[in-house]
Amino acid sequence: MRILLYLISIIAANVVTAAIAPLQLGVFIVPMGTLLIGATFIFRDLVQNKYGRKKTYMFIGLALFLSAIVSYMLGDTLIIVMASAISFAIAETTDTEIYTRLNLPMSLRVLYSGIVGGLLDSAIFVVIGLSPLGANFLPWEAVPFAILGQVIVKTIIQGIAALIIHQTNNLSNRTVSN
């Protein structure tokens, strides 16, 4: 089930981003798929908890392949597909390695690794894919706001997940000790 949620969230993020116009929150630009991308880091952490780091990389590879195929089928240009693949590979790898190495409760590992993964995913995708270096959808003046908007949304999602995991673990610990 964890693997399925992970893969579906990645595919759904591509579909939602293609189907629904980005939110303009003041100066921030947030693609609707950003809401799901934040969740992919959490689902990947859950996959890693169950299957370990090495197998998780196989699932990341599968997710990368599926994401690229879906993105291309939805009409994204090759530069957008490549930017998405590059940002995904770097962000997921970084998230995986940070999550693995932190000797903290799961809620904090999810939070910290997800924040870094989300920052990298946002910055790399916007610069390579959307800026004048890539598809030229955004002028350079808008790039920092597009990155920051995505980072804020992804960080909020990571924070909510960390709180839920923390509360769930506390509840489980209380139940076990009673």
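Reader: How much space lies in the largest pocket?
Author: Happy to start there! This is a predicted model, in which local features need pLDDT of at least 70 and side-chain atom pairs count only at pLDDT 80 or more, while totals for chains, interfaces and linings use all residues. A pocket is an open set of points on a 1 Å grid over the protein atoms alone, where a 1.4 Å probe fits, with protein on both sides within 12 Å along at least five of seven lines. Points are joined across faces, edges and corners, and the volume is the space filled by probe spheres set on them; for the largest pocket that is about 680 Å³.

Reader: Which residues lie nearest the centre of the largest pocket?
Author: Residues are numbered from 1 along each chain as its sequence is written, and side-chain values use heavy atoms, leaving out hydrogens and water. A lining residue has an atom within 4 Å of a point, and the largest pocket has 34 of them. Nearest its centre lie Thr-17, Pro-31, Ile-80, Phe-125 and Leu-130.

Reader: And which elements give two or more residues to that lining?
Author: Helices here are DSSP runs (H or I, at least four residues), numbered from the N terminus. Those that contribute two or more residues are helix 1 (2-19), helix 2 (34-73), helix 3 (78-101), helix 4 (106-130) and helix 5 (143-177).

Reader: How many residues of the lining are charged?
Author: Ala, Val, Leu, Ile, Met, Phe, Trp, Tyr, Cys and Pro count as nonpolar, Asp, Glu, Lys and Arg as charged, and the others, Gly among them, as polar. The lining has 18 nonpolar and 12 polar residues, and its charged residues number 4.

Reader: Which residue forms a salt bridge with Arg-44?
Author: A salt bridge is a side-chain nitrogen of Lys or Arg within 4 Å of a carboxyl oxygen of Asp or Glu, and the structure holds 6 of them. In this one, the closest N and O atoms are 2.0 Å apart. Arg-44 lies in helix 2 and its partner in helix 3, so the pair ties together parts that are 51 residues apart in sequence. The partner is Asp-95.

Reader: Is Arg-44 buried or exposed?
Author: Buried means under 20% relative accessible area, exposed over 50%, and partly exposed in between (1.4 Å probe, protein chains only). Arg-44 has a relative accessible area of 0%, so Arg-44 is buried.
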